[in-house]
Amino acid sequence: MFYLFQSDRLESLAEMCAHIHQASPLDSVLAQEEVVVQSQGMRRYLNVFFARKLGVAANLKFSLPAGLAWQLMRKLVPDVPPLSPFSPEVMRWRLLDLFRSEAFQTAPEYENVRLKLESYLHSSASADYQLAGQMADIFDQYLVYRPDWIDAWQVGKLLGLGDDEDWQARLWRYLDDGSQSAPHRVALWEKLLAQLDKSVLPQRLFVFGISTMAPMYLQLLHQISKHCDVFVFALNPSSQYWGEVIDEAQILKRGDEADLSQAGHPLLASLGKQGRDFFDFLSEVETEQDIQVYEEGKDDTLLHCLQNDIQNLIMPSERLYQQEESEAGAQQAWVQVHDANGNPVCAEPDKLLNDGSIKIVAAHSPLRELQILKEELSLVLQKIPTGSRTILPF
């Protein structure tokens, strides 16, 4: 069964997750509660929340989506090694071995790769190690989001993706030359989905704090829900349907057919196609339960105004402020403007812009960014009680 919980506040999702964990314990007291998160930061947040809410956070098993998929592959697909030869860290060392090999320097099949990478590889003593790591991460993303590219490159086809496609395809064919102890995840995927069985799955699966997910992992969750209970706690910034929200730049690419009236809130549009596809999937999947928790919007700070706009799909251009002349005609004062439903919008914008609820800082280097962040956090933590401190970096 597929159970869906949506909110724009992480603490609301954590509250519901903790309630289910406490009110409906697993059949075995020794069984681990399986939780899928998008990052290690989310894992730490939920761990701390459970400890504060329930008094203890124990026997929780956290996995990233890729980690969950690999665990299931090891259980269901024969001869899958504990460590995938196509994991990013392993691919890093394999690419580094290639960059430092004599074959890479002399073999004609790598000529195009050398032309593209030679200047960078010789820029410093550790440049080849750094480049190998970057390329490993890129190929890992291709395996998740562009499996069709991987399939085409493997059989020697190019898809006309630009000047950088040929040398990347050459590097991929080196990584997947058929000598590896296990195929990559694209090749394993169909086997995994076909062999999913309740006997290797947990009693239930929590998926917490997710706001976007690759299509292949959505497909996996949907298949798992046919064999066990899947509880998805989705961090959805809007209570309205926003699957058709796209940014103005994408609309303008349509040329003469461009219609800017189709543009939605720019921050929602910035989540991109993957974010829209994720919530489209959630709106279409058959659910046993669908609960949405959204608090009534406030307009007392700039941050609250922004959150209210996103929650209710109000465009910034619709939040207008008008000025009225006083009787003397010499002074002007901001007055509230009401929306189409007669609800008042934010108060005086001049005050809101300087209320400190949103700060945008430009720095000349990543080091200076960290220094500014440290200074700002020190000031904030001095004003916040110890028991209510929660910091989430993005």
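Modeller: Axes are lines fitted to C-alpha atoms, for helices over the stretch in contact, and angles run from 0 to 180 degrees between N-to-C directions. The model discussed here is predicted.

Biologist: At what angle do helix α7 and helix α8 pack, and how are they oriented to each other?

Modeller: Helix α7 spans residues 127-145 and helix α8 spans residues 147-154, with their axes 5 Å apart. The angle at which they pack is about 105°. Angles of 65 to 115 degrees count as roughly perpendicular. Therefore α7 is, relative to α8, roughly perpendicular.

Biologist: Which residues make the contact of α7 with α8, and how do they divide by class?

Modeller: From α7 come Phe139, Tyr142, Leu143, Val144 and Tyr145, while α8 supplies Pro147, Trp149, Ile150 and Trp153. By class, this contact holds no polar and no charged residues, and its nonpolar residues number nine.

Biologist: How are α4 and α9 oriented to each other?

Modeller: The axes of α4 (residues 88-99) and α9 (residues 165-175) come within 11 Å. They cross at roughly 110°. The two helices are therefore roughly perpendicular.

Biologist: How many charged residues does the contact of α4 with α9 have?

Modeller: On the α4 side the residues are Met91, Arg94, Leu95, Asp97, Leu98 and Phe99, and they meet Leu171, Trp172, Tyr174 and Leu175 in α9. The contact has eight nonpolar residues and no polar ones; the charged residues number two.

Biologist: Which helices are included in what covers the buried residues of α4?

Modeller: Buried residues of α4 include Val90, Met91, Arg92 and Arg94. Leu95, Leu96, Leu98 and Phe99 are buried as well. Their cover includes α5 (102-106), α6 (111-121), α7 and α9.

Biologist: Which are the edge strands of the open sheet?

Modeller: The sheet has six strands with parallel pairing, in the order β3-β2-β4-β5-β1-β6. An edge strand pairs on one side only, and this applies to β3 (60-63) and β6 (289-293).

Biologist: Over how many bridges do β2 and β3 pair?

Modeller: Val36 stands opposite Ser63 in β3. Strand β2, residues 33-36, pairs with β3 in the parallel sense, and the bridges number four.

Biologist: What angle does the direction of helix α2 make with that of β3?

Modeller: Helix α2 (residues 40-54) packs on the sheet and touches β2, β3 and β4. The angle between the direction of α2 and that of β3 is about 160°.

Conventions
Residues are numbered from 1 along each chain as its sequence is written. This is a predicted model: local features need pLDDT of at least 70, side-chain atom pairs count only at pLDDT 80 or more; totals for chains, interfaces and linings use all residues. Side-chain values use heavy atoms; hydrogens and water are left out. Angles under 35 degrees count as roughly parallel, over 145 as roughly antiparallel, 65 to 115 as roughly perpendicular and the rest as oblique. Contact means heavy atoms within 4.5 Å. Ala, Val, Leu, Ile, Met, Phe, Trp, Tyr, Cys and Pro count as nonpolar, Asp, Glu, Lys and Arg as charged, and the others, Gly among them, as polar. Two strands pair if DSSP finds at least two bridges between them. Buried means under 20% relative accessible area, exposed over 50%, partly exposed in between (1.4 Å probe, protein chains only).
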